[in-house]
Amino acid sequence: MMSANTAMRTTAVLGRPPGRWQRANKATLAMLGVGLALFLGFGIAAPNFLTFNNLANLATQVAITLIVAVAMTFVISTGQIDLSVGSILAFTATCSAELLQAGWDSSVVIVVALLGGLFWGAVNGWLSAYQKIPPFIVTLATMSVVRGLAQLWTKGFSVPIDARLFVAKLGDASFLGLSALAWIALTTVAVGAVLLSKLPFGSYVNGIGSQEESVRRAGVNTARIKMITLMLTGVAAGIAGLLTAARLGSGSANSGQGFELTVIAAVVLGGTNLFGGRGTVLGTVIGALITGVIANGLNLLGVSPFLTPIVTGLVLLAAIWLNLRGRAMADLFAHLTGRS
């Protein structure tokens, strides 16, 4: 059976450039089909699912996941992983709430939250990229350390935020029917898509994931690129922590439990190769929407909250199976028909 990459190399040898079908990410197309099926199914089962109010609510629900998932797309595309994003989210949420309670101005707190996320991302990046410690081990360790610091700081209690402050109002703000969180997520998607697909940095990211040594020999500082990607997830998690605190009206060291798994699932479901080499921001959007649609639709159907994670896990397993089978079938179809 001929894979998509093999087909592209073959057409290059024969002097024919790869066509649109060969360049397409089959996994993303498969997940697009799954997403549309979920929208249709829940739209039929729950009459209010496709209403504007519910879709706007869905956009708000997936916004925080999507912000971090876009950054995680870069990390996974380089063949790395970041397990610490949930803990960084909790750390910046509690840090923001504590500083606001101490009387700090909201604008300063926003900057501190971003710098806090950037700091932990830089720690992860330096240890993994320059000290050659596997990122799985590094981020697993910082996941524990960062959340532990947040719990030590707050003694395990939630820290309330005054509803009159700008940060608190940010959690409830809206424009044209969509929340501020949704608009921030859309902006993040646009920036991430341009960075990954239109600029040299994106080419370096995908190149490192597939042929790191070749990229290094071409004169690219691969260690720096890998460190930058982990810094991106740190900043994104910092933004997510601030927005989580704003939305909930408090900062808690227990925020973001299991958040990293949701983010990674969204990225991989969207068609980004878990072992690096090919990332897609559009696919990440689709993956995040799939996870959000499942939770939102089941809630509208009145499914017990204890059953929701079970159903979600089963649907995700089925989606990944279809992803893999669909990719193989698409490659076979392209081979048999000679489609380009």
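Predicted model: local features only at pLDDT ≥ 70, side-chain atom pairs only at ≥ 80, totals over all residues.
Trainee: Which helices each supply at least two residues of the lining of the second largest pocket?

Mentor: The chain has 14 helices and four strands. The helices that each give the lining at least two residues are H4, H11 (222-248), H12 (259-269), H13 (281-300) and H14 (308-337).

Trainee: Is Thr-65 buried or exposed?

Mentor: Beyond its neighbours within four places in sequence, Thr-65 touches Phe-259, Thr-262 and Val-263. Its relative accessibility is 13%, and the cut-off for burial is under 20%. Therefore Thr-65 counts as buried.

Trainee: Which residues is Asn-54 in contact with, leaving aside its neighbours within four places in sequence?

Mentor: Asn-54 also belongs to helix H4, which covers residues 52-77. With a relative accessibility of 8%, Asn-54 counts as buried. Its contacts, with those neighbours left aside, are Asn-48, Phe-49, Asn-296 and Leu-300.

Trainee: How far apart are the end C-alpha atoms of helix H6?

Mentor: Helix H6 has 25 residues, 106-130, and at 1.5 Å a residue it should span 36 Å. The distance in the model agrees with that span: the end C-alpha atoms are 35 Å apart.

Trainee: What covers the buried residues of H6?

Mentor: The buried residues of H6 include Ser-106, Gly-116, Gly-117, Trp-120 and Ala-129. Among the elements that cover the buried residues of H6 are helices H5 (85-101), H7 (135-154), H8 (166-172) and H11.

Trainee: Which residue just after H6 takes a positive phi?

Mentor: H6 runs over residues 106-130. Just after that helix, a phi of about 60° is found at Lys-132.

Trainee: What share of the residues in the chain is buried?

Mentor: The accessible surface of the chain is about 16300 Å², and carbon and sulfur atoms hold 68% of that surface. Burial is counted over the 340 residues in the chain, and the buried share is 49%.

Notes:
Residues numbered from 1 in each chain as written. Heavy atoms only, no water. Buried < 20%, exposed > 50% of the residue type's maximum accessible area, 1.4 Å probe, protein only. Areas by Shrake-Rupley, 256 points an atom, 1.4 Å probe, with all protein chains shown as cover. Contact = heavy atoms within 4.5 Å. Expected span 1.5 Å × (residues − 1).
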